[in-house]
Amino acid sequence: MMAENCVPDSCFENLPKLVDDLDDYLKAYQAYAEFSGLKVDIYKDWARIVFEEQVVTHFISKFPSDGTLRVLAVGSGDGKVDSCMLEQLVARYPRIHYTVVEPANEPLEEFKSLINDSRPKFDGVEFEWHNKTFDEFQKLEEEKAKSTGADKERFHLIHAIHSLYYVNDLQQAHTYLRDRLVKQGALLVILLSEEAGIYRVWDRHPKLCEGSPATNLCSAHLRQIYAQSDTPYTFHHQSWPSDISQCFDASSVQGGRMLDFITHVRNFRQSAPEELKKDVIAFLRRLNQSDKEDEKSSGGYQRDWDSMVMIKS
Ligand SMILES: C[S@@+](CC[C@H](N)C(=O)[O-])C[C@H]1O[C@@H](n2cnc3c(N)ncnc32)[C@H](O)[C@@H]1O
């Protein structure tokens, strides 16, 4: 059977999945997200304005600053984004218990180094590291609750920044995370926007995700869950147009890693059949055109994402 875009189904058979090696995966993600050097600046600004307004200000009105603030972070990677939020939190809460769930080993170690290098800024934060997937963490917590008979610990803040693509079932994950919040606690989720390049590529080629733990999710999927349950939430759209011309330069290592991340195929340039490669590159070239009138202009590839904050009533 031929897909609508004329790439034969056989082109997707036996493609090596990037997520099969999470440390390689993170290198590709870093190349993709950080190549322009803007990533941390964008998240710092977002934390200073949006996170501060939608989460920290709410916390100050509900939770005393002399208590311990408990945070659960799902899929933190190297912790660079987490540290932007932590900077805002430590300014108000001198004591924080911060639980990290991250299955990839190398980025978890990078996160620990980042914290060590930032001393004494985060000295009031006690970290609990879980080198596990979200499913493994849930199982561990179930077993702990069964064996001790105690209620599961609840958190003031739970966040999942670009990590819910890797859970089995978004609805189930959302219900579980909501249940783990204290009353007036906040669930913060960041997912790609519908216009984002990766979402568009996976939407064009759903087979890129087949058989892998990744799902082609965007913020609209979570918003739909909120709409169905009449759940209020606050929303922020982060626009982030960029130029991915490096992906079209066969000699660029950085461009190769970016392509691996966009397709979630390991070593895409070498491992993808010619027809698939051609189609993906041509599609990306079109997405990269910043001005539809000018076929040669670049910089229009969208890395846009949306943050959504839900307060448990
Ligand atoms: C796109 S990266 C985002 C990393 C970080 N939050 C950031 O924004 O820079 C996705 C993260 O989810 C992690 N991840 C993958 N599968 C996961 C799972 N089953 N449970 C929890 N985290 C997972 C990856 O290892 C990676 O660190």
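A polar contact is taken here as a pair of N or O atoms within 3.5 Å; within protein, one atom must be able to donate a hydrogen and the other to accept it, and residues adjacent in sequence count only if both atoms are side-chain atoms. The model is predicted, with local features requiring pLDDT of at least 70 and side-chain atom pairs counted only at pLDDT 80 or more, whereas totals for chains, interfaces and linings use all residues. Residues are numbered from 1 along each chain as its sequence is written, and side-chain values use heavy atoms, with hydrogens and water left out.

The side chains of S242 and R303 are joined by a polar contact of 2.6 Å. S242 is located in strand β7, residues 241-242; strands (E, at least two residues) and helices (H or I, at least four) are DSSP runs, numbered from the N terminus. With a relative accessibility of 7%, S242 counts as buried, a term used for residues under 20% relative accessible area, with exposed meaning over 50% and partly exposed in between (1.4 Å probe, protein chains only). Neighbours within four places in sequence aside, S242 is in contact (heavy atoms within 4.5 Å) with F35, N288, G299, G300, Y301 and R303.

A second polar contact between side chains, of 3.1 Å, pairs H174 with Y226. H174 belongs to helix α6, residues 170-179, and Y226 to helix α8, residues 219-228. H174 is buried at 7% relative accessibility, and Y226 is buried with a relative accessible area of 0%. When neighbours within four places in sequence are set aside, H174 is in contact with L187, L222, I225, Y226 and M310. For Y226, the residues touched, not counting those up to four places away in sequence, are H174, L187, T231, Y233 and M310.

The largest nonpolar core has 65 residues, of which L177, I262, L276 and L284 touch the most other members. Such a core is a set of buried Ala, Val, Leu, Ile, Met, Phe, Trp, Tyr and Cys residues joined through side-chain atoms within 4.5 Å. Helix α1 (residues 22-34) gives the most to this core, contributing seven residues. Apart from this core lies another, of 37 residues, which includes A73, I161, V182 and I190. Beyond residues up to four places away in sequence, L177 touches L72, V74, F134, I158, L164 and L187.

A160 lies in strand β4, residues 155-161, and is buried, its relative accessible area being 0%. A separation of 6.4 Å is found between the C-alpha atoms of A160 and G75, which are 85 residues apart along the chain.

The largest pocket has a volume of about 820 Å³. On a 1 Å grid over the protein atoms alone, a pocket is an open set of points where a 1.4 Å probe fits, with protein on both sides within 12 Å along at least five of seven lines, and lining residues have an atom within 4 Å of a point. Grid points are joined across faces, edges and corners, and the volume is the space filled by probe spheres set on the points. Of the 46 lining residues, Y25, G75, H162, S163 and Y166 are the closest to the centre of the pocket. Two or more lining residues come from each of α1, α2 (39-62), α3 (80-90), α5 (134-148) and α7 (197-204). Helix α1 supplies the largest share, seven residues. The lining comprises 26 nonpolar, 11 polar and nine charged residues; Ala, Val, Leu, Ile, Met, Phe, Trp, Tyr, Cys and Pro count as nonpolar, Asp, Glu, Lys and Arg as charged, and the others, Gly among them, as polar.

Backbone geometry was also examined. Most residues other than glycine have a negative phi, and most peptide bonds are trans. The peptide bond from R119 to P120 is cis, with omega near 5 degrees, and P120 is in the loop between α4 (105-117) and β3 (125-130). N14, a residue other than glycine, has a positive phi near 60 degrees. N14 is in the segment before α1 and is exposed, at 79% relative accessibility. Q184, also not a glycine, has a positive phi of about 75 degrees. Q184 lies in strand β5, residues 181-192, and is partly exposed, with a relative accessible area of 25%.
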